[in-house]
Structure formats: C-alpha cells, structure tokens
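Please walk through this structure with me, starting at the ligand and ending with the overall fold.

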Amino acid sequence: MHDGVRVSAVAAVAENGVIGAHGDLPWHLPADLRWFKRVTRGHAMIMGRKTWQTLPGPLPKRLNIVLSRRAHEVDTGGAEGVVAVATLEAALAAAADWERAAVAAGRIESPEIMIVGGSGIYAVMWPWVDRFYRTRIALAPAGDTYFPPVDLDDFAVMTATPGVVAVGSPAHVFEVLERRPA
Ligand SMILES: NC(=O)c1ccc[n+]([C@@H]2O[C@H](COP(=O)([O-])OP(=O)(O)OC[C@H]3O[C@@H](n4cnc5c(N)ncnc54)[C@H](OP(=O)(O)O)[C@@H]3O)[C@@H](O)[C@H]2O)c1
C-alpha cells in the first residue's frame, strides 16, 4: 500500500526463480502476455530501465513509469504514456496520481499500482506490495535475472488457475496472492 493505493507485483517466474535471460523472457508464452495485458490495463506500471528496453514501445492504455538513476537519458521516444523518473518516491507519486485520476475518470474501478520488474525493482518495492500476480512457469531455464528472494509467508494464494497449454508453450499457472492483514 502506498498513500492509500494498493501496490501489486506482476511477474512470470520459472521453477528455478529465473525471470529473464539476455534481456528477454526465456520462454514463449503468449497466454501470459495476454494475462499481463489484462491485469495491468488502465493502471500505472513501474519498471526498471532494462525492462523498459525490452518493450517495443510504451504499452498502451496505461502509464509506463521507467526508473533510471539517469532518467534524463532514457529514450522515451517522446511518446505519450511514458515518464522516466530517478527515484522510487517520484515513481510512486506519479503512479498514485495516475491511479486516482483514472478512477475519477472511470477508466478503472480501483487504484492499483503495478510493479512489473525487473529483479531489483521487485526487491526494493516488496515492502509495499499487497498483491502478487505470479505466473508459475513449469520450466527451469538458463537465465541471468531472478525473482528476488522475498518472504511469502505473509501471503496467501487466493486463486491458482492453470493455463491452457498450447503446442510449444510450457505449462503454467496464473496465481493471485494477497498479503495477509497484519
Ligand atoms: N518474467 C517476468 O515477469 C519479467 C518481468 C520484468 C523483466 N523481466 C526480465 O528481466 C530482465 C530485466 O530486468 P533487470 O532486473 O535486469 O533490470 P531492471 O530492473 O528492469 O532495470 C534495472 C535498472 O533500473 C534502474 N533502477 C533500478 N533500481 C533503481 C532505483 N532504486 N532508483 C533508480 N533507478 C533504478 C537502473 O537503471 P539505470 O542503469 O539506467 O540507472 C537499473 O540499471 C529482462 O531479461 C526482462 O525480460 C522479466
């Protein structure tokens, strides 16, 4: 929770904790990209500069907030819907403003800031995270980026929905975890 606004993490995580390899996702899973789109649609997303560089451009119908210590050097292509900031505080403030405005405009039902990676961003944001959209990928691929070792004891799995497995895609489960009330 940040300033009264729910904070959620969204990540696809392999059995060995891998989330990335060579600046990309180590699997081909269109169903998870659709899930990601559905979950984040309308919301503000906070991402690290390297994750931003994996995208083809700003994801539409949401605010793309890019964290970089050299925010002024981040190439946003002048596109709408992208903002580069140098601090977590600035990222959270921009996200909370967007969420409140989106609720007021009727674009979303309830405010929810989306933390979409990568590794260090999940780690540093974890104390604020109330909800975790975790796609479990039934693979143990080689990789160079891992989901950080967070404490999930305070979380309960609310839903776990097995995805339909297409030819060439790994088995996967869409989970929603919630932090238990203190
Ligand atoms: N499976 C998934 O769900 C998932 C999700 C996201 C990403 N990924 C994968 O993960 C990889 C990219 O993630 P990554 O962990 O390597 O990098 P990242 O977190 O996306 O970006 C790291 C960069 O973010 C900036 N940054 C981090 N902490 C900051 C802070 N506290 N203040 C200001 N700036 C900060 C820095 O940028 P500067 O160097 O510019 O200062 C840092 O170099 C890719 O392979 C991607 O495909 C997977």
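How do the residues of the shell around the ligand divide into nonpolar, polar and charged? Eleven are nonpolar, twelve polar and five charged. Here Ala, Val, Leu, Ile, Met, Phe, Trp, Tyr, Cys and Pro count as nonpolar, Asp, Glu, Lys and Arg as charged, and the others, Gly among them, as polar.

The model is predicted: local features need pLDDT of at least 70, side-chain atom pairs count only at pLDDT 80 or more, and totals for chains, interfaces and linings use all residues. Residues are numbered from 1 along each chain as its sequence is written.

The ligand is surrounded by 28 residues, the closest being G20, G48, T51, G117 and G118. Two or more shell residues come from each of β1, β2 (18-20), β3 (44-48), α2 (49-54) and α4 (119-125).

Now turn to β1 and its partner. Strand β1 (residues 6-14) runs parallel to β7, joined by seven bridges. A12 faces T135 of β7 there. Strand β10 (residues 172-179) pairs with β7 in the antiparallel sense, also over seven bridges. In that pairing, R136 is opposite V173 of β10. Strands pair if DSSP finds at least two bridges between them.

Five of the seven residues of β7 (residues 131-137) are buried, so this strand is largely enclosed by the rest of the structure. Buried means that 20 or more other C-beta atoms, placed from the backbone, lie within 10 Å of the residue's own.

Finally, the whole chain. It has four helices and ten strands. These are DSSP runs: H or I of at least four residues for helices, E of at least two for strands, numbered from the N terminus.

Note on methods:
Buried ≥ 20, exposed ≤ 12 C-beta atoms within 10 Å, placed from the backbone. Near = placed C-beta within 6 Å.
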